[in-house]
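User: I have just opened this one and have not looked at it before. Could you walk me through it?

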Amino acid sequence: MSTLKLRKQSDGFILDYGHVRLALDTGVRGETTLLTHAHADHLKGIENAHRVIATQATREALLARGHKLRTRFETLEHNERTGQLGVVITSLNAGHVVGSSMYHLEFDEGLSVLYTGDFNVVDSMVHFAAEPKAADVLITEATYGTPQWVFPKRQEIYHQILTTTEETIEAGRIPVFQAYSLGKAQEAIALLQWGGFNVVSGNHMINEVCKVYNRHGSDLRASSLRSEKARTQLKAGCAVVSSSFHHTRKNIRAHLDSRTASDVLGRLEHFVLSGWTLGDSSRTGFPLSAHSDFWGLLKFAKKVSPRVIYCFTGNAAEFSGHLSKEGFSAVPLE
Ligand SMILES: [Zn+2]
């Protein structure tokens, strides 16, 4: 029986098992990369790969964010399988951002491995929840892997965001929700639209990523700050979704006449959409996260029921400790 070896490279991993070598969210010259999604910390070195496997939506999200795809790219949609000598690779929905995947690997010698990338175990306005799949080895993210990170129910967070939006607009102010341009910005836009609010996107990148979501089943209609429609909406009452408060302020100055710009800038109210706002009184916002919280990570690991768990990111060591207490053989990958 071969031994599974995992080595960290950039923010990803190189997996060796028998004669199979795979790069997970990183790149190795001459080898295959399994790319989980298009966030920047998962892309380092992929230009070195012989081929990159990901979903079509991930490919489009990369292009929307200005990446030049110089590597051979092969699409593998969720629940599809592909293979190379010695291993069968299945892509599974990760529920994190558009097209995000987990990878389930079945080696010829019988070993199975589940690599999560970033994942979320609850449904959102724009993503379905990630579902666990049994494996001998689980390689899991642990961003929120300590018990202090337990998020309220998503419906509750949604309700709070919509109530705040209504109150802010009624007070003559403009709520600006700051969220990553890929994933959470689109979730916020979908929610605010559903709540009946007009939405203006504060950054060009958000619009570009919205187009990818719309090609893959969403119906996001945020107005660009450059449009006449946005000008009318900003005067009449609307919400703004922005990946950078600073850039949005700059864009308002650049695209609106000076009188409208100074009126709009004086009415902005800044809210952050991030899991990290939980318990952080210095940041006004809501704990809307694209990641699983502590209980989500733990329940997911239990359902995968692996013999060995490798944890990565933020709280890897702490989460490994919790898993060990639950009887798992768990180690941080650092
Ligand atoms: Zn991510």
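Predicted model: local features only at pLDDT ≥ 70, side-chain atom pairs only at ≥ 80, totals over all residues.

User: Okay, which domains does the assignment give for the protein chain?

Analyst: The domain assignment gives domain 1, made of 5-148 + 291-332, and domain 2, which covers 154-286. The C-alpha centres of domain 1 and domain 2 lie 30 Å apart.

User: And how many residues of domain 1 are in contact with domain 2?

Analyst: There are 17 residues of domain 1 in contact with 19 residues of domain 2. On the side of domain 1 that touches domain 2, the residues divide by class into 10 nonpolar, five polar and two charged.

User: Switching to the sheet, what order do the strands have?

Analyst: It is an open sheet of seven strands with mixed pairing, and the order reads β7-β8-β9-β10-β11-β18-β19. Strands β7 (81-84) and β19 (329-332) stand at the edges with a single partner strand each, so one side of each has no neighbour in the sheet. From one strand to the next, the twist averages 20 degrees.

User: In what sense do β11 and β18 pair?

Analyst: Strand β11 (residues 137-141) pairs with strand β18 (residues 308-312) in the parallel sense, over five bridges, and Leu138 stands opposite Ile309 in β18. Strand β18 also pairs with β19 in the parallel sense, in this case over four bridges, where Ile309 stands opposite Ala330 in β19.

User: Which helix packs on the sheet, touching β18 and β19?

Analyst: That is helix α9 (residues 316-325), whose direction makes about 175 degrees with that of β19. Together, β18, α9 and β19 make a right-handed β-α-β unit. Helix α8 (residues 294-304) lies across β10 (112-115), β11 and β18, and runs at about 165 degrees to β11.

User: New topic: at what angle do α6 and α7 pack?

Analyst: Helix α6 (residues 245-255) and helix α7 (residues 258-265) pack at about 155 degrees, and their axes are 8 Å apart. The two helices, α6 and α7, are therefore roughly antiparallel to each other.

User: Which residues make that contact?

Analyst: On α6 the contact is made by Arg249, Ile252 and Arg253, and on α7 by Ala261, Val264 and Leu265. By class, the residues of the contact of α6 with α7 are four nonpolar, no polar and two charged.

Notes:
Residues numbered from 1 in each chain as written. Pairing = 2+ DSSP bridges. Axes fitted to C-alpha atoms, helices over the stretch in contact; angles between N-to-C directions. Contact = placed C-beta atoms within 7 Å. Domains from an automatic or database assignment. Nonpolar A, V, L, I, M, F, W, Y, C, P; charged D, E, K, R; others polar. Parallel < 35°, antiparallel > 145°, perpendicular 65-115°, else oblique. Right-handed = clockwise from strand over helix to strand, strands pointing away.
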